[in-house]
Each structure stands twice: as C-alpha cells, then as structure tokens.
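This briefing covers the strand pairing, the helix packing and the nonpolar core of one protein model. Please look at the sequence and structure first.

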Amino acid sequence: MSLALVMIGCLVVGAIILFSAYMRLTGAFRPLFFDQITDFLVLGTIGLALLALPLLRIRELKEGYSAVLSPDSVEVVMPFRNRFVRWEDIVDVQVRGGKKRAIRLLRRRPSGWERLLTTDYTVVVPLQFAERSIGETLQIMIAFHPSLRGRISCDIQKLYL
C-alpha cells in the first residue's frame, strides 16, 4: 500500500512540476535559472522523470503478499485486488531464487509492450517469507494439476524437483 502511495505522489508532484515548467515557459513567472527555455527544459525533465518513475516501479505491484493454492486455481493476495489463475490457463512456470524467492506463473507469452505496460499476463506467487521451499511449493502445484509438470522447464525440474 505504501508503494502505491509513493507512486501516486510521484505522479502528482510530476504533474505540478510540468505545469510549473509550462507556466515559466509562457512567462507567467520570472525565470528561475537563466531564461524561460532553460527553466522549461530543467523543470520539464524533472517532471517527466517523476511521471516515468512509477512505470519503472509498477512491477512491484504485480507481486502479491501471499498465495492460496487450491485444487482448481491459485489465488494471490495483491495490493489492490486479489488475482485468480486456473491451473489450465498457465502456459509457463518460472522460478526466482535468492533473497526474493518466488514462482512466476505466466498465463500467456507477453509482447514487449505488454511487459512494460501491463501485469495481467503473469501471477507471482511470493515465497520470500514462506516456510516452504520452492521445490515443495512446485510439488504441491503439480499434485493439484499433474499436467503442470510439462509446463516447467527441464532446468527448473533438475534444480527443484
């Protein structure tokens, strides 16, 4: 929730700075730096950076807090709304190890623009604070839907199964 507030704050402050840059360009305010064009370029760049920052951090919102595995679907608790995925809809399973352990379930293969602008093609099952390992969670998923084993790459099966 706090990340969402930071992102909304970036959008609001970026819009205010862009409006201030426009007002300085029109001459409504006296120059801040050297002249109107320099003010517009400096403030406009800062404003655009603040507007673009949430796009770079939007990936944080696609990871849930926890997940509930059931025989027919996966429910991931998300910051704004919970997301459900049926086992039959999963086309690929990816694993991220290390400090931020997670299992990523892809519903379809995204295009380049889709990766940048949306997050509805994937569901991330977080295991960062879970007691289960990645291998145990994959075994439970396969027990619920045996054909999921065919969607897990050989490398992941060698490492975790």
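The points below go from model confidence to the sheets, and then to the packing around them.

This is a predicted model, in which local features need pLDDT of at least 70 and side-chain atom pairs count only at pLDDT 80 or more, while totals for chains, interfaces and linings use all residues. Residues are numbered from 1 along each chain as its sequence is written, and side-chain values use heavy atoms, with hydrogens and water left out.

**Confidence**

- The mean pLDDT (the predictor's confidence in each residue, from 0 to 100) of the protein is 84, and 89% of its residues reach 70 or more.
- Confidence is highest in helix α4, at a mean of 93, and lowest in helix α3 (residues 112–117), at 67.
- Helices (H or I, at least four residues) and strands (E, at least two) are DSSP runs, numbered from the N terminus.

**Sheet β4-β5-β6**

- Three strands make up an open, antiparallel sheet in the order β4-β5-β6; two strands pair if DSSP finds at least two bridges between them.
- Its edge strands, β4 (92–96) and β6 (122–126), each pair on one side only.
- Neighbouring strands of this sheet are turned by 20° against each other on average, direction ignored; axes are lines fitted to C-alpha atoms, for helices over the stretch in contact, and angles run from 0 to 180 degrees between N-to-C directions.
- β4 and β5 are antiparallel and joined by 5 bridges, with Arg96 opposite Ala102 in β5.
- The hairpin of β4 and β5 has 5 residues between the strands, and Gly98 in the turn has a positive phi of about 85°.
- Strand β5 (residues 102–106) is also joined to β6 by 5 bridges, again antiparallel.
- On that side Ala102 faces Pro126 in β6, and Ile103 stands opposite Val125 in β6.
- Because 4 of the 5 residues of β5 are buried, β5 is largely enclosed by the rest of the structure; buried means under 20% relative accessible area, exposed over 50%, and partly exposed in between (1.4 Å probe, protein chains only).

**Sheet β1-β2-β3**

- A further open sheet has 3 strands in the order β1-β2-β3, with antiparallel pairing.
- β1 (66–69) and β3 (83–86) stand at the edges with a single partner strand each, so one side of each has no neighbour in the sheet.
- Strand β2 (residues 73–77) is joined to β3 by 4 bridges, and Val76 has Arg83 in β3 as its bridge partner.

**Helix α4**

- The buried residues of α4 are Ile134, Gly135, Thr137, Leu138, Met141 and Ile142.
- They cover an arc of only 160° around the axis, which puts them on the same side of α4; the arc is that of the directions from the helix axis to the C-beta atoms.
- These buried residues of α4 pack against β1, β4, β5, β6 and α5 (154–160), where contact means heavy atoms within 4.5 Å.

**Nonpolar core**

- The largest nonpolar core has 19 residues, and Ile90, Val93, Ile103, Leu105, Val125, Leu138 and Met141 touch the most other members.
- Such a core is a set of buried Ala, Val, Leu, Ile, Met, Phe, Trp, Tyr and Cys residues joined through side-chain atoms within 4.5 Å.
- β2, β5, β6 and α4 each supply at least two residues of this core, and α4 gives the most, with 4 residues.
- Not counting residues up to four places away in sequence, Met141 touches Leu69, Trp87, Ile103, Leu105, Val125 and Leu148.
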